[in-house]
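Dear colleague,

Please find below the structure I said I would hand over, followed by an account of what was found in it.

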Amino acid sequence: MGTLSEENYLKALFYLTNEKNQVSVNELSLFLHIKMPSVNSMMKKFSVKNWVNYESYKPLTLTREGKKMAAQVVRKHRLTEMFLVEKMNFGWEEVHEIAEQIEHIQSEVFFDKIDEILNFPKTDPHGSPIPDKKGKIIFQEYKKLSSFSLGDEVVLKALSDSSQNLLNSLNEKKLSLGTSIKIMNIDACDRTFEVKYLEKNEFLSPVVTEKLLVEKISS
């Protein structure tokens with residue numbers, strides 16, 4: 001595996017190239033808050049290691065080996081988050097910063113043991129898929145809550161954004177993964193959803209309904 005700095009770059013490349021396998025050096029620079037010359041220098045090193053395809057003034061693409069390396073860093077991060085929640089009783093809003101530190105431990109057997117203790121989970125506390133040891137990822141085809149209609153019943157399966165603000169807001173509303181939600185009303189003007197779950201009604205803004213990934217309950 002790479003150094004701490006290399007792993008941070010790999011993880012950034014994983015997130016930025018998730019939808020399309022290309023990203024500009026500028027996007028990477030902005031995402032990591034690192035100056036362009038430093039990013040270019042690191043990408044030249046990655047190119048030598050055959051982790052990225054790099055040409056000046058052209059978008060970067062991850063190679064097959066690069067994708068595997070990046071996914072393995074993400075695997076360590078997401079396994080750690082799951083361990084912190086499931087075995088140490090941390091809240092899902094508390095684990096990111098701790099996992100950022102633990103993910104750089106250079107011991108494959110350490111993370112294999114975490115995986116075993118957790119009984120080989122497929123997702124992290126926020127519903128994001130955990131890559132396997134070979135870097136393979138099984139993505140679930142969940143839909144945004146905002147795409148559903150009045151009267152639909154769904155189950156909250158994952159979040160497209162696990163920011164502190166969103167997690168704190170969901171905690172306040174006592175809305176967690178696995179919760180069944182029924183859409184009671186949709187404001188015609190601003191698309192605010194009135195939903196019912198746990199025998200209570202709540203209002204969810206369009207910003208929130210865009211970030212909640214759900215699965216419809218078959219009628």
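The protein chain exposes about 12,500 Å², and carbon and sulfur atoms supply 51% of that area. Please bear in mind as you read that this is a predicted model. Of the 219 residues of the chain, 43% count as buried, and the C-alpha trace spans about 55 × 40 × 30 Å along its principal axes. The chain holds eight helices and eight strands.

Side chains of opposite charge can pair when their charged atoms come close. In this structure there are 17 salt bridges, and I describe some of them here.

One of the salt bridges is formed by D124 with R78, where the closest N and O atoms are 3.9 Å apart. Because D124 lies in the loop between α6 (108-117) and β3 (143-144), while R78 belongs to helix α4 (residues 64-86), this pair ties together parts that are 46 residues apart in sequence. Both D124 and R78 are buried.

Another salt bridge joins D112 and K133, with the closest N and O atoms 3.0 Å apart. Since D112 sits in helix α6 and K133 in the loop between α6 and β3, the pair ties together parts that are 21 residues apart in sequence. D112 counts as partly exposed because its relative accessibility is 22%, and K133, at 40% relative accessibility, counts as partly exposed as well. These two residues also belong to a network of salt bridges that links R75, E108, D112, D115 and K133.

A further salt bridge brings together the side chains of K173 and E202, at 3.6 Å from N to O. This pair links distant parts of the chain, with K173 in the loop between α7 (164-172) and β5 (180-186) and E202 in strand β7 (residues 200-204), 29 residues apart. Why do K173 and E202 count as buried? The cut-off for buried is under 20% relative accessible area, and K173 has a relative accessible area of 17%, while E202 has one of 18%.

With kind regards

Definitions and conventions
Residues numbered from 1 in each chain as written. Predicted model: local features only at pLDDT ≥ 70, side-chain atom pairs only at ≥ 80, totals over all residues. Heavy atoms only, no water. Helix = DSSP H or I, 4+ residues; strand = E, 2+ residues; numbered from the N terminus. Buried < 20%, exposed > 50% of the residue type's maximum accessible area, 1.4 Å probe, protein only. Areas by Shrake-Rupley, 256 points an atom, 1.4 Å probe, with all protein chains shown as cover. Salt bridge = Lys/Arg side-chain N within 4 Å of Asp/Glu carboxyl O.
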